[in-house]
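Visitor: I am new to this structure and would like to understand how its descriptions are reached. Could you show it to me and take my questions in turn?

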Amino acid sequence: MSSSFIITLREGLEAGLIVAIILAYLKSSGQRSHFRTVLISAVVAVAVSLSVGAAIFAIAGEFAGRSAEAFEGAAMLIAVGVLSWMVVWMKRQSAGIKKTLETDIAQAIGVGSAFALALIPFTAILREGLETAVFLFAATRTSTPLESTIGASAGLLGAVALTWGIYSGGYRINLRVFFNVTGVLLVVLAAGLLVNGLKDLHEAGVVSNLGPHAWDSYDALADNSQLGKFLSTILGYDSSPYIGLVIAHVTYLALALGFFAFGRAPSLRPAAAASHQPGAEAVPEPEGS
Amino acid sequence: MRLLALACALLAAALIFSGCSLTEVSGGEEITIVAGERSDGMFFEPAEITVAPGAKVTFVIKNEGSQDHEFESYRDGEAGIDEIIIPPGATRRVSWTAPSEAATFPVYCDLPGHRAAGMETALKVVPDTEER
């Protein structure tokens with residue numbers, strides 16, 4: 001539940017900030033007439049993302065036994081890849097996302113193409129939506145559907161509330177701190193997914209050998225106890241992990257957190273200094289994808 | 001902040017070392033099951049387990065073999081027991097509550113080739129205790 005909450009809160013806020021940036025720019029440049037196009041485009045992108053998510057769950061339902069484990073394991077590794085790209089590569093690339101969005105919008109309006117304008121929020125939000133769909137699917141493999149639904153819904157509601165609060169100017173949060181904290185949490189979640197994914201592939205026979213068990217801490221903390229299940233979902237806890245899993249876990253954490261800590265940080269300008277326009281003041285640049 | 005960290009550390013230590021139910025698996029009658037290999041294949045013993053409807057039990061699975069085994073029954077229509085791996089020489093515990101009506105579920109090791117080698121036991125929920 002907690003992993004689903006973190007995923008939808010962060011991705012939802014990122015998508016929300018993209019819409020907020022676009023609306024703030026249109027508002028400040030006297031182009032309110034294009035609000036409708038942007039909002040419809042955003043809704044369509046969310047709908048497509050939901051459809052893709054539903055398709056992933058439906059396809060997974062067609063598998064059983066080892067093929068299901070292989071599919072889920074592969075999905076978890078894909079989610080780890082997507083997330084790693086998100087927190088590392090996009091951390092470097094997203095510094096100018098606000099300016100890029102504004103330039104693209106100005107060009108689209110300049111040529112008078114509603115389709116080109118609609119495509120900007122659509123592609124940006126679709127990217128966030130697809131990331132969420134893949135990552136959510138992988139995260140829900142280790143929790144019940146009810147827990148995942150509650151967590152994801154709460155995260156999404158939180159994201160909507162934060163976005164609205166930020167856009168309307170009534171609420172300010174330190175986005176750099178927010179995205180740094182959730183970024184670290186997502187890296188930790190991804191490391192857990194990596195372990196669970198490799199374990200699924202091993203049990204499916206796709207990965208043949210992960211070495212001997214490194215230790216056995218079952219008597220101290222059973223991985224099928226309440227606390228053990230929670231830690232297994234969040235951190236990939238295993239009371240008797242294979243050495244291969246331990247190496248993969250530690251290596252991934254070291255690399256991802258290292259890139260996250262030492263990669264070039266985007267410049268989040270103070271909101272009030274970003275623009276003279278009231279609408280743009282409330283919307284700093286998002287970080288990550 | 002230091003106080004909070006200390007409280008968290010104490011809580012974690014207390015949970016781990018006090019045998020709190022958060023960290024262990026227990027409850028109800030304990031049913032011991034042995035897993036392993038022999039010359040003609042692999043096995044769970046006993047090959048059949050019976051419990052009363054609604055009974056809460058804890059399976060204590062001992063792997064006396066020389067390789068990993070699993071204990072699970074979680075596909076559609078099965079007992080709803082999540083897989084757990086039992087390393088060679090290790091013991092794992094699984095709590096389970098029987099449904100209120102009579103039923104029979106397969107419980108098996110889903111590692112490649114193990115179930116086909118005979119690693120399956122029948123988990124029977126039998127209403128009449130005299131038949132058990």
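Visitor: How do you know that strand β4 of chain B is joined to β7(B), and which way do the two run?

Guide: This is a predicted model, and in it seven bridges join β4, residues 56–63 of chain B, to β7(B), the two strands running antiparallel. Two strands pair if at least two bridges are found between them, so β4 and β7(B), with their seven bridges, count as paired. Within this part of the chain, B:Ile61 stands opposite B:Arg92 in β7(B).

Visitor: What makes β2 and β7 of chain B the edges of their sheet?

Guide: The sheet of chain B is open, with four strands in the order β2-β1-β4-β7 and mixed pairing. Because β2 (41–45) and β7 (91–97) of chain B each have a single partner strand, one side of each is left without a neighbour in the sheet. Neighbouring strands of this sheet are turned by 20 degrees against each other on average, with direction ignored.

Visitor: Which element of chain B gives the most to the side that touches chain A?

Guide: In all, 17 residues of chain B are in contact with 17 residues of chain A. On the chain B side, α1 (2–17), β6 (81–86) and β7 each supply at least two residues, and β7(B) gives the most, with three. By class, that side has ten nonpolar, one polar and six charged residues.

Visitor: Why is A:Phe179 called buried?

Guide: A:Phe179, which lies in helix α7 (residues 175–203) of chain A, has 24 other C-beta atoms within 10 Å. The cut-off for buried is 20 or more, and therefore A:Phe179, with 24, is called buried.

Notes
Residues numbered from 1 in each chain as written. Chains lettered and ligands numbered in written order. Predicted model: local features only at pLDDT ≥ 70, side-chain atom pairs only at ≥ 80, totals over all residues. Axes fitted to C-alpha atoms, helices over the stretch in contact; angles between N-to-C directions. Contact = placed C-beta atoms within 7 Å. Nonpolar A, V, L, I, M, F, W, Y, C, P; charged D, E, K, R; others polar. Buried ≥ 20, exposed ≤ 12 C-beta atoms within 10 Å, placed from the backbone.
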